[in-house]
Structures are given as C-alpha cells and as structure tokens.
Amino acid sequence: VTGQRRHGMNPIAQYTGVDILVNLSASPYRINKPSSRAARFGDHAAEIDAPVIFANQVGGNDDILFDGTSLMLDATGTTVAAAPVGKPRVLFGPSNGESTAPAVPSETMQLRRMLKLGIRDYLHKTGFEDVVIGLSGGIDSSVTAALAAEALGPEHVYGVTLPSAITAKENRSDAERVARNLGIRFGEQGIKSLSKTAVESIAQLTSGDDTRGITHENVQARMRGLLLMGIANDTGALVLTPDNKSEAAVGYCTLYGDAVGAIAPLGDCTKRRVYALAEAFNSEPPSWLDSAPIPDSVLEKAPTAELAEGQTDQDDIPPYDVIDAVVKSYVGNKQSVERIVTETGATQEQIETIVRRLTRSEFKRKQTPPALRVTAKAFDSGWRYPIAASYDEIVSDDPVNGS
C-alpha cells in the first residue's frame, strides 16, 4: 500500500558517516517505478551525506520483470549517471561533473520496452525462438504481434487468422494488413467445418440443447486454440496469448480457447494501456519499418470477441473504461464499491457487476498463462482469492459461467 511503513526503524539512519552506500538489488519493475526509485535514493543520499550507488538486475524471469535502471547519485541526492530502462549497462561517473543520466521514458514507452524484454527472455530462457499468435484483426492481437516482432525479429513471428462462418471480412483483412505491415509470416485457415463437426459431436453425446449459444461460441474459440497449439507443436514454437487485464478481471475469455498459450504479454495491461501501446507503435514504428504498423481501422473498431453475429464486447460486459477504473481502484488500491462509484461516476450496478464477475472468474485466471507483471497488483501470487467461496458482499442469483 502506498505510504505504508515497512520497517520499525529507519534502515538508512545507521549508515551516517559512511563514504559511499551501495545497494545490490533485484527490484522488480512496475510502471513508473524508476522515477520513484530515483527520488527515494536521492533522499537516502542526502540523509547520509554520501554518494549512493543502486545496482539493479535486468531481465525477465517468468512473469517477473527487472528493469535495471541502475543509478549513481552524489551526496546531495542528484543523479549523476543512470542506466536506461530495461537494458544492461556499465555505468561510469562523469569525469567533468556533468550528469550522464538519460531521460526517463514515458509510461507507455517504458511499458513497451519492458514487455519486449519479458517476451525475449521468456523465449530464450526456455529454449524457443519462434512464436505463434492468433490474429483476429483486433487491437489486442495486433499489439501482441507488434511487441513480439520487435522483441524477437519479424522472422520469428507467425500470425495466423482463423475466421469462422461469422467473421467479418474487414476483420480478416485487418489481420492480414497487420501481419504484412509488421513483416511477419501470415497464414489463414477457416474453422467453419471444424466448429460444425464439434457442435454436432457434442449434440450426439448429450441430452442438452445443441442450439445453446454458449456452446457454439466456445467451440469456435476452442477450435482456434486447438489449431494454434497444433501449429506450435508442429513448428517448435510457443503460442502468445493476447488477452489483457481488463478481460481477465471479468473472465471475458474462453478457457482452452483464446486463453491458450505460454505467456500473456498484455495480461497485466488494461484495455486503455493496450490502446496507448498501439499509438506508441504507430508514432514510433519498429526500426525496420517506415510507416505505422497498426491500421486506423483496428484502432477505431468496436472491440469484439466475434463469437456471435454482430457481437461487440460491450454487449456482454460493462464499458472498458469502467472496468479499467475498477481494476485500478478495487484490485490495485483495495477501495470499496461505494468509493469507486463516487470517484468514477459509474453506476452502482455497473461496479457491482464487475466486482461480481471479478470474484467469480478466479477459476479462469488460475488456468490461464502467466502475465508479464508491470503493475503493483497483478493477478498473480499476490492476488489471493479462492475459487470456491461465497462472497457475501455482493449477492447474485446468476450461476458461475463455466466457459
């Protein structure tokens, strides 16, 4: 919790009178942490009236990312040398007394650099070189493909679009445009016949209603997951999952469908941050490109899982700006529903719906790939909600959706 005291005493006070203080650290990254570290160590240097060196680990270990951003500060607390975010660097104190500290990148550029680092290290440390991504023509898969291409090189990324009987032509064409723009490999395979066969087979094995919408929708997603995993097996690659934190919060994914894969680069990024990353890729394209990789049509279309005719995300879940506010306030800052309603202007019903879905979607999050952690409160080991529990603060007559 911000501002919470973690020590019974000031751990720095005992070091007054030293010539220099060196901190060898493995401090995990979170958005804007480099700036807060610099301020903290500046205060330490001024407090003990001695230079401070902060040497931090760089790299990714599963979902945890280390940004490096090592610092050298003089006795006044002024930064005189600093390493860039997410890159190994040997630091030397300036010989002429002038600072050699680079400017700290914006929040979105930090995020872009660290997510690339996480993808690259995960692949290299597990012995893989290539990734497969299901391209839907939407924002999440487009940004995931851009991150992977920049992290690994476009030759190591295979984008595959898997249209169903209801996939809009513009979504299929947008998927191909993103792949062509990035210079990654592209493939296409329709899933209409596979989905039809699966639904018919299910109907022969149950006494249920084979026209039930959830069955048809989930079968499409799972046929895509089956093909993506098959491609990965056949090519010795890993599948990257494009799902984001906003969707994970409300369980808006299909287990063993769009949630398949090795790791979720955007899994700790809200929908707002995904759009910010897309804009960053277009304003500063990867080094091998001369133009924006993500088309305006991808940025402007209404997000959709496209598992039913004419479906948009907002037909099934509250607006993403409201979900993102709950993710920040309820998950990140442990605020009450009443306070979130007051601060956001959203309705009580909207906030309660999101929190209800959040608590009841834990079983999905337990079975989805790890997300690269970039915030102080990700859905990982620091988020402890039991799957089987009665959450009395919000009562619902709706059954848990086991999709």
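In which strand is the place of Val22? Val22 sits in strand E1, residues 21–25; helices (H or I, at least four residues) and strands (E, at least two) are DSSP runs numbered from the N terminus. This is a predicted model, in which local features need pLDDT of at least 70, side-chain atom pairs count only at pLDDT 80 or more, and totals for chains, interfaces and linings use all residues. Residues are numbered from 1 along each chain as its sequence is written, and side-chain values use heavy atoms, with hydrogens and water left out.

**View A. Ile20, Val22 and Leu24 make a nonpolar surface patch of about 310 Å².** Val22 counts as partly exposed because its relative accessibility is 45% (buried is under 20% relative accessible area, exposed over 50%, partly exposed in between; 1.4 Å probe, protein chains only).

**View B. Strands E8 (residues 157–161) and E9 (residues 185–188) run parallel and are joined by four bridges.** Two strands pair if DSSP finds at least two bridges between them. From E8 the chain passes through helix H4 (residues 169–182) to E9, a right-handed β-α-β crossover: with the strands pointing away from the viewer, the path from the first strand over the helix to the second runs clockwise. Tyr158 stands opposite Arg185 in E9.

**View C. Asp62 is not a glycine, yet has a positive phi of about 55°.** Most residues other than glycine have a negative phi. Asp62 lies in the loop between strands E3 (58–61) and E4 (64–67). Asp62 is exposed because its relative accessible area is 52%.

**View D. Tyr256, also not a glycine, has a positive phi of about 65°.** The loop between helix H7 (245–250) and helix H8 (271–283) holds Tyr256. With a relative accessible area of 48%, Tyr256 is partly exposed.

Notes. Patches are made of residues with over 30% relative accessible area and no salt bridge: like charges are joined within 9 Å, nonpolar side chains (Val, Leu, Ile, Met, Phe, Trp, Tyr) within 5 Å. Accessible areas come from the Shrake-Rupley method with a 1.4 Å probe; for residues, only the protein chains shown count as cover. A salt bridge is a side-chain nitrogen of Lys or Arg within 4 Å of a carboxyl oxygen of Asp or Glu.
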